[in-house]
Structures are given as C-alpha cells and as structure tokens.
Amino acid sequence: MEKRIIIVGAGFAGVSAARTLAKKYKKDLSVKITLIDKRSYMTYMTELHEVAADRVEPEAVKYDLRRIFSKLKNVHLVTDEVTDIDYDKKQVIGQDKNYSYDYLVLALGGQSNDFGIKGVGENAFSLWSIDAAEKLKEHIEKTVRKASGEADEAKRRAMLSFVVSGAGFTGVELVGELAEWMPILAKRYKLDPKEFSLYLVEAMDQILKMVTPKEQTKAWRFMEDKLGIEIITSDGIAEVTSTKAVLNSGRELPSYTTIWTAGVQGNLLAKKWGLKTARGNRVETNQYLQAKEHDDIFIAGDLVSYQDASQDGAYVPQIVQAAEQTGELVGYNISQLLSGGEMEEYTGKYDGFMVSIGSRYSVAYVYDKYHVSGFMATFMKHMSNILYFFSIRSFYNIGAYVRHEFFDMRHQRNLFRGHISHKGNVLWSVPMRLFYGAMWLYEGLTKLFGWHGVHSWFGSDIVFPFPWLKEAVSGASEAATSSASQAAPDPGIFSLNYSYGQQPKLVIEEMPRWFGSIMKFMMPNQDVALFMQKFMTLVEIAIGAALIIGAFVWLTSALTIVLVGMFCLSGMFYWVNMWFIVVALALMGGSGRAFGVDHWLQPWIGKHLDHWIYGKIKCRYNDLQE
C-alpha cells in the first residue's frame with residue numbers, strides 16, 4: 001500500500017527532510033515523497049544581506065530544486081502555495097489542487113516579528129525573504145538617487161542615513177554589507193561619502209549574544225573603527241516613521257530607511273491553520289518533533305518550539321544547523337514509524353557560529369573553543385556554505401556559489417578584494433602574464449650578460465644588421481657580418497610552430513627602404529647604435545619586470561607590440577615568435593589587475609588624474625556660491 005509523505009517548505013529544513021527520506025526509500029516505490037513550495041527554488045536565507053546590499057545578484061541565492069534533487073528521482077517537486085490543511089481528510093489544500101498525506105512535515109520557516117512596535121510594520125523593511133531583500137535594495141538605490149538631487153542638506157543627510165534595528169547575526173551582517181555599499185553609491189551618484197550615516201541599534205546591552213565576549217568585542221571594534229558604524233545598545237526602537245526612527249530614550253535618528261532585524265517568529269500560517277503555538281508563534285512539539293495533538297504531523301526548522309534537554313532546556317535555536325538537524329530527524333522518525341521502529345528524541349549539536357561583517361571580515365566561535373576572526377573566519381564561512389552543497393550532493397550549486405561569491409563579484413567586494421573577479425580583471429591570464437614577463441626578462445638579461453654565446457649588447461660590437469653601420473666601422477664589421485650571416489643564410493621554413501630540426505623563417509628577410517631610412521636617421525653612427533643597444537636591453541628587462549609584478553601592463557604590452565614590429569621590419573624576427581603579439585593583445589584586457597600592482601596603481605592614477613584635470617565631481621553644483 002502506498003504511503004504518502006508531504007513536506008511543505010523547501011528551505012534548509014524541508015530539503016534536509018526530503019533528502020533523508022529519499023535516500024531511505026530510494027528503491028521503495030511504495031513510499032511517495034512530495035516537496036511543496038510556492039517557489040521552484042530554495043532561497044539561501046543566510047546570504048540575503050548580500051542581495052539587499054547589492055553584493056550579489058538575486059539569482060546568487062536562488063538554488064533550483066530540480067538541480068538539488070536531480071539524483072533523487074523519488075522526490076516529487078510541486079510548485080504551489082499551500083493555503084490550509086484539512087486534518088480530518090488528511091489533505092493539504094493548495095491554490096492549484098489538494099494533496100493527500102499519511103505523514104505531513106511542515107517546514108515553513110520564520111518571518112519578521114515587530115512585537116507590535118508602532119510604525120514598524122508600515123514603515124520599516126525586513127530581511128526574511130528574497131522579495132524583502134530585493135525590495136530593500138531597490139528602495140536604497142532609489143532613495144540615494146533622490147538624495148543626489150536634494151538641495152536641503154538636512155533632508156539629504158536623512159535620506160543618506162540608514163538604521164538597522166537588531167544586533168544579532170542578521171543585523172550585523174547586513175550593516176557590514178551596507179557599509180561597503182555606501183562608498184560605491186556615493187561615487188555612482190557623486191555624493192560626499194561623509195554625508196552617509198549607518199546606525200546599528202540594539203535594545204539589549206550587548207551585540208551578537210550567541211558568541212563569546214571576545215567575538216563581540218572584535219566585531220564592535222571593526223564596525224566602529226573600520227566601517228564608521230555608530231552602535232547604540234540598551235536603547236531599542238520605540239517608533240518608526242517614514243523619515244525617522246525614535247528610540248526608547250527619546251533620541252531621534254532622521255532616516256528614510258529603517259531595517260528591522262530585531263525579532264523573528266514562526267510563520268503565521270501555522271497559527272492560522274489551527275496548530276498549537278507557543279512563544280514567537282512557533283508550533284509546540286514533543287521530543288520527536290511531532291506537533292502536539294497531531295502525531296501524523298512533524299515540525300522542522302524555525303517553526304519548532306521545543307526545549308532541548310541536551311542544551312540545558314534551551315529552545316531549539318532558529319539557525320541553519322538546527323534547521324538541518326530537525327529536518328533530518330523528522331525524516332528519520334517518519335521512516336521509523338513506517339517500519340515499526342523506535343523514534344529518536346531531538347538533541348541539538350551545534351558546531352559553532354560565524355558572522356560576516358562585510359565581504360572580507362568575519363568573527364567565528366567554533367567547536368566551543370576556537371576563536372577565529374578576519375580573513376580566516378571569512379574563508380571558513382565560505383567553506384561551510386560550499387560544504388553544505390557538498391553534503392546534499394549538489395555539485396552544480398557548488399560551482400554556482402563559487403562563481404557568484406568569487407568570480408562574478410563587482411567592486412572588489414569579496415574575500416580576495418577582487419583579485420580573482422571576472423568583473424574587474426582576467427584571473428586566468430596571470431600565468432600567461434608571468435610567462436611572457438619571464439621571457440622578456442630572460443631575453444634582456446641574456447643580452448646584458450652575453451649568455452649562451454650571444455654577443456653582449458653592452459659590449460663594443462654592433463649587433464644590428466644595418467648595412468650603413470657595417471660600412472661605417474670596419475672594426476665592427478666582422479661582428480655585424482657574423483650577426484647578419486646567422487640571420488639569413490637559409491630562407492627557413494614558414495611555420496607558426498618551431499618543430500625539431502626546422503630552420504625558422506624570418507618575417508621579413510630584407511628591411512624595407514622606408515624603414516631603413518628611419519633607422520638610419522635614428523642610428524646614424526656607431527656611438528648612437530651602441531647607446532641604442534644598451535637602451536633596448538634595459539627596456540626589455542624593464543618590460544619583463546613590469547609584466548611579472550603586474551605594473552602598467554597595458555602600456556608595457558603595447559610597447560612589446562611596437563618592439564616586435566620594429567624587429568620584424570629590421571629582419572630580426574621569426575614567424576614562430578609571432579605569438580608575442582597575440583599574447584600582448586590578450587594581456588591588455590586588464591591582466592595587471594589580477595594579483596598585480598595595477599590592482600591598486602591604475603585606480604590611484606585614474607582618481608588623481610581625474611581630480612587634477614576636472615576637479616572634484618559632485619552631485620550638485622552651484623558655482624555662484626562656491
């Protein structure tokens with residue numbers, strides 16, 4: 001007889017429950033597993049702050065459910081919005097159709113809780129869905145754009161002030177992202193960055209209460225000292241209007257953007273459907289995560305209200321680790337009921353907590369003993385996200401995450417400060433740049449020291465195969481003749497690849513007259529020629545060194561093309577080395593910005609040149625008053 005298991009909600013908990021059941025009944029067609037969500041994708045909730053602050057595109061946190069369950073064909077995906085539950089008929093009521101169940105898993109997640117504070121619901125923004133994140137992002141861009149055209153300074157500053165209420169994980173991560181976004185917006189709309197203000201407001205006397213005082217102190221100092229965020233504690237929000245946030249102390253913060261992250265509650269649909277709820281509108285469950293009064297309904301994720309004995313009676317936290325663990329246990333317990341086995345009680349095990357503050361700094365407390373901060377903590381946070389996708393065997397999404405977080409990043413907003421971002425440079429050209437630079441450096445050093453039987457260009461012999469130089473000085477004619485004889489006794493074989501035993505063919509065997517006239521004008525005698533030899537040697541060494549360290553790569557690459565052209569016209573260049581030009585053109589696409597000095601040098605030069613030529617760029621001008 002077929003057993004029907006329906007899971008409502010495709011968040012961390014719902015996906016975990018579905019995968020646990022799917023692996024258990026992979027070969028048992030009598031168990032039908034259906035995952036219902038109003039979206040066709042899983043929203044990676046822990047990264048919504050990156051969308052809201054324009055670090056990543058919305059698509060970066062949307063992970064298609066078909067790709068997640070591509071190898072688990074026994075999970076039936078349904079995109080529908082559940083509106084009610086008929087407990088007597090054991091049916092889930094959807095907008096499109098009804099779905100019968102034997103066991104039901106509710107993993108609806110949470111939503112913002114404004115605690116009834118005046119104006120929060122009407123005027124504040126939240127961050128509990130992808131729609132909310134996109135709405136917040138659009139509002140901020142629109143408000144800043146309007147501010148750039150606002151003449152009244154007080155109003156403009158209010159429009160450029162942002163209040164984040166709640167210094168938990170979500171609030172701290174969001175305010176950190178906003179602090180990185182503000183200078184970008186200031187530049188885009190020609191505003192003074194000093195007019196922007198960021199406030200982090202917390203009603204309690206501490207921030208990030210889930211971590212230790214050590215992480216709290218480090219996070220506080222970084223936000224205040226490095227990001228310029230004003231942190232206000234022991235003074236919560238009393239009222240929010242469209243133009244200000246009023247604190248309990250009576251202090252007013254003029255702002256057109258107040259973001260509420262201070263409270264979370266269970267999805268209100270559960271209460272609407274008549275399930276017994278407790279504090280925070282979370283559904284009361286027993287130790288097996290069954291809803292009270294409904295032993296065929298299991299609760300997972302942020303919706304669970306259960307005091308965990310293994311955690312000193314603390315309620316199951318609304319975090320990703322708990323969501324996954326509750327989902328896994330629910331799947332296991334349902335399988336035990338189907339097989340007549342014993343169910344297990346919920347015992348939470350949390351490996352630690354990681355909080356990012358912007359794209360490059362994080363604090364973490366892991367395994368109840370390790371304190372980590374800075375680059376390493378941020379790296380660990382990325383690895384934990386990648387590990388999640390690995391744990392659900394979603395290799396496509398591992399690639400998608402890496403691409404969005406590292407390679408498709410704009411404005412240098414990632415762990416490696418944009419060095420490996422496709423948006424700002426060409427990472428994969430770095431090995432080519434290093435090889436090309438090493439080739440030029442070695443070529444220059446060979447000519448400097450006369451390695452491998454090559455005449456030193458710093459000696460007294462003329463190496464240029466120009467007739468007038470050979471005729472001018474008989475003492476140098478032997479060396480020049482030798483050089484010329486090496487250049488073309490054999491016409492060689494045309495090829496773009498030098499195979500063993502082949503004599504490469506010169507691009508031009510005889511110098512054109514017009515070019516000869518130019519060279520004779522530039523090097524009319526032996527003294528000038530000797531100087532040019534030394535100068536060209538030093539230029540090649542400088543080109544090689546510049547390419548290796550990534551300084552002025554566009555300019556040096558262009559110069560190598562010019563030099564290759566001159567060598568070709570002089571009868572001193574082979575077809576097999578024409579790759580020089582192709583490589584130089586490729587490197588001109590911004591290769592120096594990838595792990596090179598140009599990453600800092602070019603923006604610095606551009607900024608100062610722009611200011612020197614055009615003066616200070618502003619969003620509003622009034623020369624009559626300046």
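Buried means under 20% relative accessible area, exposed means over 50%, and partly exposed is in between (1.4 Å probe, protein chains only). Keep that scale handy for the tour.

What you have open is a predicted model, where local features need pLDDT of at least 70, side-chain atom pairs count only at pLDDT 80 or more, and totals for chains, interfaces and linings use all residues. Residues are numbered from 1 along each chain as its sequence is written, and side-chain values use heavy atoms, with hydrogens and water left out.

**Stop 1: Met376.** Select Met376, in helix α11 (residues 375–391); helices here are DSSP runs of H or I with at least four residues, strands are runs of E with at least two, and both are numbered from the N terminus. With a relative accessible area of 43%, Met376 is partly exposed. Patch members have over 30% relative accessible area and no salt bridge, with nonpolar side chains (Val, Leu, Ile, Met, Phe, Trp, Tyr) joined within 5 Å and like charges within 9 Å. Areas come from the Shrake-Rupley method with a 1.4 Å probe, and for residues only the protein chains shown count as cover.

**Stop 2: positive charge.** Pick Lys23, Lys26, Lys27, Lys71 and Arg393, which gather in a positively charged surface patch. Lys and Arg count as positive, Asp and Glu as negative, and His and the chain ends are not counted; each charge is placed at NZ of Lys, CZ of Arg, CG of Asp or CD of Glu. Zoom in on Lys71, in the loop between α3 (65–68) and β5 (75–79). Lys71 counts as exposed because its relative accessibility is 58%.

**Stop 3: salt bridges.** A salt bridge is a side-chain nitrogen of Lys or Arg within 4 Å of a carboxyl oxygen of Asp or Glu, and by this rule the count comes to 24. Show Arg55 and Glu177, bridged at 2.7 Å, N to O. Arg55 sits in the loop between α2 (48–52) and β4 (62–64) and Glu177 in helix α7 (residues 169–188), so the pair ties together parts 122 residues apart in sequence. Is Arg55 buried or exposed? Arg55 counts as buried, at 5% relative accessibility, and Glu177 is buried too, at 0%.

**Stop 4: Lys447.** Finish with Lys447 and Glu540, whose side chains meet in a salt bridge (2.8 Å, N to O).
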